[in-house]
Amino acid sequence: MKTSIKPKPLELLQKSLDIQFKQPGLLKNAFIHRSYLNEHKDFKGSSNERLEFLGDSVLSLAVSRYLFESLPQSAEGQLTQLRAALVRTETLAKLARKLELGAYLYLSKGEEESGGRSNNSMLANLFDAVIGAIYLDQGFEFAQNFIEKVILKDWQSLAKSAVSDNKSK
């Protein structure tokens, strides 16, 4: 039987991402999976689902804006396909793994034992929640700069790998 893994301290993540949160509680909230709340009834916060909802929209807007400005000759359909490739679950999970976000996640024992820290869907949702927390704490421009640094500086190879992943499926 596995024991629960204690998440890494979020100060380490702030250092690795080069972001100092004004409201560290927002960052912690991004890492609270709903399963954690089931086993920690005394925890006063909420799950990361609302931040995930917000982060998904911020990410979509930032990626859309970037593609719109970077590819002035591209048609709407092509821009839509590129955006979809960049914000899809597998792409976001890959980025979350690269940033080691799963190591900071607060999970239930059951989610821990079933491999929640490496689950694509959970990691993609976590990535969205982190974007939501960055947006609320630092504003849209900072969030967009973070997205450009983490995703968009390498958008062509990310989009190409997403397309080849879809073809291989």
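Modeller: Angles of 65 to 115 degrees between axes count as roughly perpendicular, under 35 as roughly parallel, over 145 as roughly antiparallel, and the rest as oblique. The model here is predicted.

Biologist: How are α5 and α6 oriented to each other, oblique or roughly perpendicular?

Modeller: Helix α5 covers residues 76–87 and helix α6 covers residues 89–98. Their axes come within 5 Å and cross at roughly 45°. The class for α5 and α6 is therefore oblique.

Biologist: Which residues make that contact of α5 with α6, and how many of them are charged?

Modeller: From α5 come A85, L86 and V87, and from α6 come T89, T91 and L92. By class, 4 are nonpolar and 2 are polar. The number of charged residues is therefore, by the class definition, no charged residues.

Biologist: Are α4 and α9 oblique or roughly perpendicular to each other?

Modeller: Helix α9 spans residues 140–150. Its axis lies 10 Å from that of α4, at an angle of about 70°. The range for this class is 65 to 115 degrees. The pair α4 and α9 is therefore roughly perpendicular.

Biologist: Does α4 pass α9 in a left-handed or a right-handed crossing?

Modeller: On the α4 side, V58, L59, L61, A62, V63, R65 and Y66 take part. They meet F140, A143, Q144, I147 and E148 of α9. This contact has 9 nonpolar, 1 polar and 2 charged residues. The crossing of α4 past α9 is right-handed.

Biologist: At what angle do the axes of α8 and α9 cross?

Modeller: In α8, the contact uses F127, I131, I134, Y135 and Q138. In α9, it uses F140, F142, A143, F146, I147 and V150. The axes come within 7 Å, and the crossing angle is roughly 140°.

Biologist: What is the class make-up of the contact of α8 with α9?

Modeller: Q138 is among the α8 residues that meet α9. The contact has no charged residues. The rest is 10 nonpolar and 1 polar.

Biologist: Which helix gives the most to the lining of the largest pocket?

Modeller: The pocket is lined by H33, R34, N48, E49, E52, L105, E111, M122, N125 and L126. The top contributor, with 3 residues, is α8.

Biologist: How much space lies in the largest pocket?

Modeller: The lining divides into 3 nonpolar, 3 polar and 4 charged residues. E49 and E52 are among the lining residues. The space in this pocket is about 150 Å³.

Terms used. Residues are numbered from 1 along each chain as its sequence is written. This is a predicted model: local features need pLDDT of at least 70, side-chain atom pairs count only at pLDDT 80 or more; totals for chains, interfaces and linings use all residues. Side-chain values use heavy atoms; hydrogens and water are left out. On a 1 Å grid over the protein atoms alone, a cavity is a set of points where a 1.4 Å probe fits but cannot get out, and a pocket is an open set with protein on both sides within 12 Å along at least five of seven lines; lining residues have an atom within 4 Å of a point. Grid points are joined across faces, edges and corners, and a volume is the space filled by probe spheres set on the points. Helices (H or I, at least four residues) and strands (E, at least two) are DSSP runs, numbered from the N terminus. Axes are lines fitted to C-alpha atoms, for helices over the stretch in contact, and angles run from 0 to 180 degrees between N-to-C directions. Contact means heavy atoms within 4.5 Å. A crossing is left-handed if the near helix is turned anticlockwise from the far one by less than a right angle, and right-handed if clockwise.
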